Amino acid sequence: MCLSELAAVGPFFVLHTGGEPEGGPGRFLPLGEEAVRLRTRTVAERLGTAEMRVAASIAFQGIAGRLLSIALGAAVLTGRVPDLSDDTLRWHPGGTAPDDLWLPGPAVLPADADPAGRIAATVLHGRLTDLHHTFRTVTPVSPRLLWGNAGSSLAGSLRVLCAWCRAHGRPQDAQRALDIAQALFEDPLLRDTGTLSGTATADGPSFRRRSCCLYYRVPSGGLCGDCVLRHRPRST
């Protein structure tokens with residue numbers, strides 16, 4: 001399987017490479033402050049909320065999910081990880097998966113015996129750390145909340161990938177995905193975001209986070225399945 005074939009797993013696993021995608025001229029931006037401001041405003045409008053910290057939280061969770069899905073999917077199914085810390089990576093802040101990320105190269109890192117370490121270095125401590133700082137510069141929002149969103153996004157990506165691998169007779173790849181994700185949750189940036197449990201078989205792994213993404217504050221919103229508020233201990 002090559003990088004372009006990751007689209008078979010789902011839209012969050014797609015990374016456009018080569019020439020600029022159709023309809024993209026002038027719309028794809030570096031993953032910096034301009035793109036973050038535009039994306040946060042776009043999410044606020046789509047959710048119908050005036051609370052920019054809520055929009056920033058959901059926007060960060062979305063881009064974290066995109067980056068972690070691509071990295072995890074590539075590591076498991078191709079044995080290589082695209083360099084998502086590459087300065088040429090572009091984001092369409094008005095777009096949605098699979099039409100929002102474009103890497104002209106792509107610059108694919110060499111095969112590595114430690115894919116979790118590679119993802120941690122290039123995505124967690126690279127691209128996502130930069131975005132974490134930029135989002136908090138644009139809109140005051142809890143740093144713990146944002147990293148909780150990243151942990152939740154990784155768990156979501158893992159569940160989708162494990163289900164796809166099982167459905168296509170690739171149980172070893174499902175287990176490999178779980179092993180890589182578990183190693184990533186040992187990283188200091190994700191270690192305290194929640195608890196990943198379960199196996200790569202049956203219903204797959206589950207995640208219970210230790211923070212809330214604030215989606216419940218959106219009109220007609222609610223609590224996510226992994227939300228700390230959903231699992232708050234009852235008082236006696």
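**View 1. The open sheet of four strands.** In this predicted model, four strands form an open sheet in the order S1-S4-S3-S2, with mixed pairing. Strands are DSSP runs of E of at least two residues, and helices are runs of H or I of at least four, numbered from the N terminus; two strands pair if DSSP finds at least two bridges between them. S1 (16–17) and S2 (29–30) are the edge strands, each pairing on one side only. S1 pairs with S4 (residues 101–103) in the parallel sense over two bridges, and Thr-17 has Leu-103 of S4 as its bridge partner.

**View 2. Strands S5 and S6.** S5 (residues 194–197) pairs with S6 in the antiparallel sense over four bridges, with Thr-195 opposite Arg-208.

**View 3. Helix H3.** The 24 residues of H3 (residues 115–138) should span 34 Å at 1.5 Å a residue, and the end C-alpha atoms lie 32 Å apart, which agrees. The expected span is 1.5 Å times one less than the number of residues.

**View 4. Surroundings of Leu-67.** Beyond its neighbours within four places in sequence, Leu-67 is in contact (heavy atoms within 4.5 Å) with residues including Leu-84, Val-123 and Leu-128.

Residues are numbered from 1 along each chain as its sequence is written. Local features need pLDDT of at least 70, side-chain atom pairs count only at pLDDT 80 or more, totals for chains, interfaces and linings use all residues, and side-chain values use heavy atoms, without hydrogens and water.
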